[in-house]
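Here's a quick briefing to read alongside the structure. Have the viewer open and follow along.

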Amino acid sequence: MKYIAQVNKQRSRRRFRVRNKIRATTSRPRVSVYRSNKHIYAQIIDDVAGRSLISASTREAGICADGENGGNVAAASKVGEALAKKALEAGITQVAFDRGLYKYHGRVAALADAARQGGLDF
């Protein structure tokens, strides 16, 4: 039990440290990433207004089919592409990337790279 509490404390410190360095404004909203074992979620958040503008995840029907795995690098790339497409349709081109408590590696990096290739400026 002590180990779990220690790990949660480290995660919350890491999340705060990463988010504290990011300066999101109305002209450059924040892209927040959440990663679970089965799915990956990303949303563009306006911190000034305190609301979510755009979201994309592997749970959406157009991104992953019912039997398809949503917890791999290929699925994360699809989410990044979908997020970039929705953002460009809404007129958002510049964003600040918030990786949260996750390392910039694997699925998180694949999502960011796909969003960059889709036209978002980090």
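How many aromatic pairs does the structure hold? There are 4 of them in this predicted model.

**Aromatic rings**
- Phe97 and Tyr104 make an edge-to-face pair, because their planes sit at 85 degrees, and the ring centres are 6.1 Å apart.
- Elsewhere, Tyr34, Tyr41 and Tyr102 come together as one aromatic cluster.
- Phe122 has a charged neighbour: Arg116 lies over the face of its ring, 4.6 Å from the ring centre.

**Helices H2 and H3**
- H2 covers residues 73–90 and H3 covers residues 107–117; the two pack at about 35 degrees, with axes 7 Å apart.
- Their crossing is right-handed.
- On the H2 side, the contact uses Val73, Ala76, Ser77, Val79, Gly80, Glu81 and Ala84.
- H3 answers with Arg107, Ala110, Leu111, Ala114 and Ala115.

**Gln10 in H1**
- Gln10 belongs to helix H1, which spans residues 2–21.
- Is Gln10 buried, exposed or partly exposed? With a relative accessible area of 40%, Gln10 is partly exposed, because that value falls between the 20% and 50% cut-offs.
- Pro29 is 19 residues away from Gln10 along the chain, and their C-alpha atoms are separated by 26 Å.

Terms used: Residues numbered from 1 in each chain as written. Predicted model: local features only at pLDDT ≥ 70, side-chain atom pairs only at ≥ 80, totals over all residues. Heavy atoms only, no water. Helix = DSSP H or I, 4+ residues; strand = E, 2+ residues; numbered from the N terminus. Buried < 20%, exposed > 50% of the residue type's maximum accessible area, 1.4 Å probe, protein only. Axes fitted to C-alpha atoms, helices over the stretch in contact; angles between N-to-C directions. Left-handed = near helix turned anticlockwise from the far one by under 90°. Contact = heavy atoms within 4.5 Å. Phe/Tyr/Trp six-rings, centres within 6.5 Å; stacked < 30°, edge-to-face > 60°. Lys NZ or Arg CZ within 6 Å of the ring centre and 35° of its normal.
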